[in-house]
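Welcome, and thanks for taking a look at this one. Here is a short briefing to read alongside the coordinates, arranged by topic.

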Amino acid sequence: MNRKEILIELKKVLAPYTESKAMLDGINEQTDLIKDLNINSANLVDIIIDAEAQYNIEIDFDAAEKMYNVGNCIDVISEKINKPA
Amino acid sequence: MTNDILKYLPYKSSFLFVDNISSLDENGVVGDYTLKSNSYFYEDHFPGNPVTPGVIITEIMAQIGLVVLGIHLMLSGAQKDIIMDEGSFPLLTSTDVSFFKMVLPGEKVTVTSKKQYFRFGKLKCLIAMHNESGEPVAKGVFSGIIKNAVKKDQ
């Protein structure tokens, strides 16, 4: 899966957690989950859990800490799917 | 003794809503609280017609179901990467509760909580409250975090 494909899947994962639907449609690698998409910071945990199910990966604490914008999320996800545990 | 956990609760006097913990393990907790007839909120909610406010029911569920279980999980080291210190405290991050019956002054309520997950410092639980007749009073999904938790040195 390349970065563009991951982004398309990530949009589906993020959708239930943001009310900024217009922002979500236009997300790019710089989009900040909390500042731009107005996601409740505690819901980042749910997003990580949903992403694990979506991509069939396991995300640890250190990786999770990096996942505050779309680009970082894609970094973590692409690293995990290309290197299965 | 499961009641040992109560000394770790950060609440005092008029905002402590836990009397007793009867069961506590890594997957859930059961505890109870008896509403005091002289609690400050009954005077105004409602004058001449005291009924326990929904926010207080919610708080009782959160203190027993989330905070007691959350502190137990933190103390037992279930969360590998973070620990609590004197600057840490629990914060509610979301609730979705339905209420089925009124709770009147003096009633004893029992709260049962089942863990859905505890990850990255966030605890999410399914929590139910019953009255002394065993009738459901309230039920919902609760989440909370430990604010100002400290990252453990690896």
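Predicted model: local features only at pLDDT ≥ 70, side-chain atom pairs only at ≥ 80, totals over all residues.

Two residues are said to meet, or to be in contact, when their C-beta atoms, placed from the backbone, lie within 7 Å.

**H1(A) with H5(A)**
- Arg3(A), Ile6(A), Leu7(A) and Leu10(A) are the residues that H1(A) brings to this contact, and they meet Val70(A), Cys73(A), Ile74(A), Ile77(A) and Ser78(A) of H5(A).
- By class, the residues of this contact are seven nonpolar, one polar and one charged.
- H5(A) covers residues 70-81, and its axis comes within 10 Å of that of H1(A), crossing at roughly 110°.
- Angles of 65 to 115 degrees count as roughly perpendicular, so H1(A) is roughly perpendicular to H5(A).
- The crossing of H1(A) past H5(A) is right-handed.

**H1(A) with H3(A)**
- H1(A) spans residues 3-14 and H3(A) spans residues 43-55; the two pack at an angle of about 135°, and their axes are 10 Å apart.
- The pair is therefore oblique.
- Here too there is a right-handed crossing, with H1(A) passing H3(A).
- From H1(A), Glu9(A), Val13(A) and Leu14(A) take part, meeting Ile47(A), Asp50(A), Ala51(A) and Gln54(A) of H3(A).
- This contact divides into four nonpolar, one polar and two charged residues.

**Helix H2 of chain B**
- Just after H2(B) comes Gly77(B), with a positive phi of about 75°.

**Where chain A touches chain B**
- Chain B gives nine residues to the contact and chain A gives seven residues.
- On the chain B side, the elements that supply two or more residues are strands E4 (89-99), E5 (108-119) and E7 (136-147).
- Which classes make up that side of chain B? Its residues are three nonpolar, three polar and three charged.

Definitions and conventions
Residues numbered from 1 in each chain as written. Chains lettered and ligands numbered in written order. Helix = DSSP H or I, 4+ residues; strand = E, 2+ residues; numbered from the N terminus. Nonpolar A, V, L, I, M, F, W, Y, C, P; charged D, E, K, R; others polar. Axes fitted to C-alpha atoms, helices over the stretch in contact; angles between N-to-C directions. Parallel < 35°, antiparallel > 145°, perpendicular 65-115°, else oblique. Left-handed = near helix turned anticlockwise from the far one by under 90°.
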